[in-house]
Amino acid sequence: MTILIDQPDFGVEAHEEHEEQKIPNNENELVLDGGFVVPEINSFGQNFRDYDAESLRQQGVEDFYRVNHINQTFDFVKKMREKYGKVDKVEMSIWECCELLNDVVDESDPDLDEPQIEHLLQTAEAIRKDYPNEDWLHLTGLIHDLGKVLLLPSFGELPQWAVVGDTFPVGCAFDETIVHHKYFKENADYDNPAYNTKFGIYSEGCGLNNVMMSWGHDDYMYLVAKENHTTLPSAGLFIIRYHSFYALHKSGAYKHLMNEEDIENLKWLQIFNKYDLYSKSKVRIDVEKVKPYYLSLIKKYFPEKLRW
Ligand SMILES: O[C@H]1[C@H](O)[C@@H](O)[C@H](O)[C@@H](O)[C@H]1O
Ligand SMILES: [Fe+2]
Ligand SMILES: [Fe+2]
């Protein structure tokens, strides 16, 4: 059997050079681009992102989403953005932050229970193999989840529901494709007529930049990168900011809020997502071996010390 990765039809073709090649090999696996092999099952023997499969992690993940969906309201997101937009908590380098992630485990993730630094390097190295010339995309892989430091005491020790998991817009109706959608019924915005229509407070094509997303590691890391004047291209910032927005990049919901630039950037996000999701495994990366390469990229795209 060949694994086909569902891609929503956005009515736009990927650039030829970025088009994935579906080359099924003998072991019934899908080989992407420069050779990345998409595994059929995750480390727990389940399909990836199967939120209903019975497993040791299933109940914990569902509990996570219940609390997340109840508490991520428009008012909460607004407060968090104001608070963390100041980037006045900590001063440190990107690499120091990667090391801090050693102590973080993500309770929302049915596919991974390794320390996060493994996931960062697995993602970045898998991309590097297939896209050797896109160094900005390697670095994006390395840093996309750094915002999870919000779980640590010096960053305010936010609860898991305010840091990890899939993200979604607030200020308009919660789309049914969002994982464990049923729990939104207890969200204060659910019955608010200003927020519970298709457009809510937004308008057609207004651009994702004008949409408030549920608060978590994506938007936080985007703010940090922006406030510290990164020279990463707009597609890199877009990936960091929306990589957990599965309702959009997997299910094609909320397309009516995108503008032209979003449509362009989404192509890169969909490439990135395969590596983010399917590189999760128990195979460890030799950190010391790859560290010099990533330090050189950090130097190219970020200041020495950043404000967090
Ligand atoms: O559980 C995972 C994890 O928190 C990832 O970092 C996030 O990007 C995903 O969207 C989420 O489903
Ligand atoms: Fe993430
Ligand atoms: Fe990730």
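A: Two residues are in contact if their C-beta atoms, placed from the backbone, lie within 7 Å. The model is predicted: local features need pLDDT of at least 70, side-chain atom pairs count only at pLDDT 80 or more, and totals for chains, interfaces and linings use all residues. Residues are numbered from 1 along each chain as its sequence is written, and chains are lettered from A and ligands numbered from 1 in the order in which they are written.

Beyond four places in sequence, S244 contacts G165, D166, T167, G216 and D218. S244 counts as buried because 25 C-beta neighbours lie inside 10 Å; the term requires 20 or more other C-beta atoms within 10 Å of the residue's own, whereas 12 or fewer makes a residue exposed and values in between partly exposed.

D106 belongs to the loop between α3 (94-100) and α4 (116-130). D106 is likewise buried, because 23 other C-beta atoms lie within 10 Å. Leaving out residues up to four places away in sequence, D106 touches L112, Q116, K148 and V164.

As to confidence, pLDDT (the predictor's confidence in each residue, from 0 to 100) has a mean of 89 for the protein, and 89% of its residues reach 70 or more. Over residues 1-29, pLDDT stays under 50. For the complex, the predictor gives an ipTM of 0.96 and a pTM of 0.88.

Conventions. Helix = DSSP H or I, 4+ residues; strand = E, 2+ residues; numbered from the N terminus.
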